[in-house]
Amino acid sequence: MSTLNSSGILHSSPYSAVSPSPCKKGTFMSISKSRTTNIQNLQTRVFGDELELGRDLIIKSLTGTLLKKQANTIRPGRDSADESADSLVLAKLYAILEAVADRVEMHKNIGEQRKNWNSLLLSSINTITLAAATMSGVAATTAVGSAPVAALKMSSTLMFLAATGMLLIMNKIQPSQLVEEQRSATRLFQQLHNEVQTVIRIGHPTDKDVKEAMEKVLALDKAYPLPLLGVMLEKFPSKVEPAVWWPQQANDSSHKTGSKSNGWSSKLEKDMRSIAEVLRIKDEAEYLRLGGKALKFNKLLAISGPFLTGIAAIGSAFVGSSSHIGFLAAMLGVVGGALASIVNTFEHGGQIGMVFEMYRSNAGFFKLMEESIESNMMERRENGELFEMKVALQLGRSLSELRDLASASSSSNEVEDVNEFGSKLF
């Protein structure tokens with residue numbers, strides 16, 4: 001039929017004065033047949049896709065219905081009041097989730113800002129100090145009593161005084177340590193964000209989950225405050241202590257659920273006690289010792305920098321005096337400024353404050369693990385095997401390595417005799 005129509009069209013076309021040859025007719029017929037076949041294949045494919053889509057929708061509908069029936073079978077006593085309570089708990093958790101996400105962004109942005117403070121203040125103070133030392137040296141080589149000498153002396157003195165004031169402020173706030181604090185806060189708030197998401201995804205959260213999440217948020221806010229004035233963490237404490245960013249709970253033996261094993265055994269409890277002892281005596285104590293050394297070195301540098309710029313300011317003020325005094329003044333101005341730049345670069349370029357904060361946070365991590373082990377052994381909130389696996393992952397060990405560490409600690413007379421630390425990560 002299509003062939004006849006095609007022939008008719010060709011004969012009646014105003015552009016064809018001559019009848020087409022048999023060869024052209026055959027070619028046109030084959031093209032028409034192939035087009036018809038393609039259209040039929042396309043219709044068949046579309047029809048098959050529609051059937052597949054309809055089948056998937058039916059399967060999803062049936063699956064959802066079965067899951068709802070199963071949930072009603074598992075929880076036959078659920079009524080509208082219980083569902084409303086669950087919805088309220090979920091709403092509270094989502095509100096906490098939004099607040100935590102906002103804090104992650106705030107601490108991240110402020111950390112970037114304070115990182116810029118450290119680099120900009122370091123370069124500015126070093127530039128001012130070296131420029132003042134250069135002026136002091138030039139003044140010492142200029143003829144005494146001339147006008148340029150007085151201008152150079154006054155300029156270098158003012159620049160040394162400005163550098164001294166800026167150094168005092170910079171050493172007080174320790175920008176590199178502030179950056180590390182915000183970096184730790186960002187990581188911990190992100191970890192809390194993931195924990196709340198896990199609670200929501202597992203399902204059936206309770207008011208206890210909401211309370212724990214709120215306490216963790218407030219504890220982190222207290223451990224890593226955003227403002228500088230009034231609530232800033234002490235940068236030079238008299239005693240080095242681990243950082244604490246989790247809510248403190250009083251140990252209460254009445255919470256112990258001795259009748260429920262929950263995957264705990266006497267051997268597992270013994271192993272966990274041994275591991276907690278290793279973490280306290282080996283890992284935590286080592287990082288507190290290193291933190292103490294970093295703190296002492298940082299104190300020395302924080303005092304030396306402003307002292308040297310102050311001495312250089314005094315020396316530059318007496319440049320050009322009598323022979324002996326002028327020579328000593330020039331030495332103080334030039335050498336004092338150069339040494340001050342070196343000390344400042346060691347302290348803030350080397351980020352000694354950040355190193356101290358890192359050691360303090362690592363000690364806090366091991367303290368948190370010790371308290372977590374003790375509380376879980378007492379309350380048995382988590383399954384024993386699951387908790388053992390978590391401890392092994394946090395310490396960078398396999399389960400067999402963790403048990404070997406516990407047995408080595410138990411067999412030794414003193415924990416100090418154990419040849420290795422608890423953690424293999426840091």
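Here is a short chat about a predicted model and its helices.

Trainee: What should I know before I start?
Mentor: This is a predicted model, where local features need pLDDT of at least 70, side-chain atom pairs count only at pLDDT 80 or more, and totals for chains, interfaces and linings use all residues. Residues are numbered from 1 along each chain as its sequence is written, and side-chain values use heavy atoms, with hydrogens and water left out.

Trainee: What's the mean pLDDT of the chain?

Mentor: The mean is 81, and 75% of the residues reach 70 or more; pLDDT is the predictor's confidence in each residue, from 0 to 100. Over residues 1–33 the pLDDT is below 50. Where pLDDT is low, the predicted coordinates should not be read in detail.

Trainee: New topic: how many helices and strands does the chain have?
Mentor: There are 11 helices and zero strands, taken as DSSP runs (helices H or I, at least four residues; strands E, at least two) and numbered from the N terminus.

Trainee: Which residues carry the "transmembrane region" annotation?
Mentor: The unreviewed UniProt entry lists 120–144, 150–169, 300–319 and 325–346; such annotations may be inferred rather than shown by experiment. In the model, residues 325–346 are 100% helix, with end C-alpha atoms 31 Å apart.

Trainee: And F327, buried or exposed?
Mentor: F327, in helix α8 (residues 323–349), counts as exposed because its relative accessibility is 60%; the cut-offs are under 20% for buried, over 50% for exposed and partly exposed in between (1.4 Å probe, protein chains only).

Terms used
Contact = heavy atoms within 4.5 Å.
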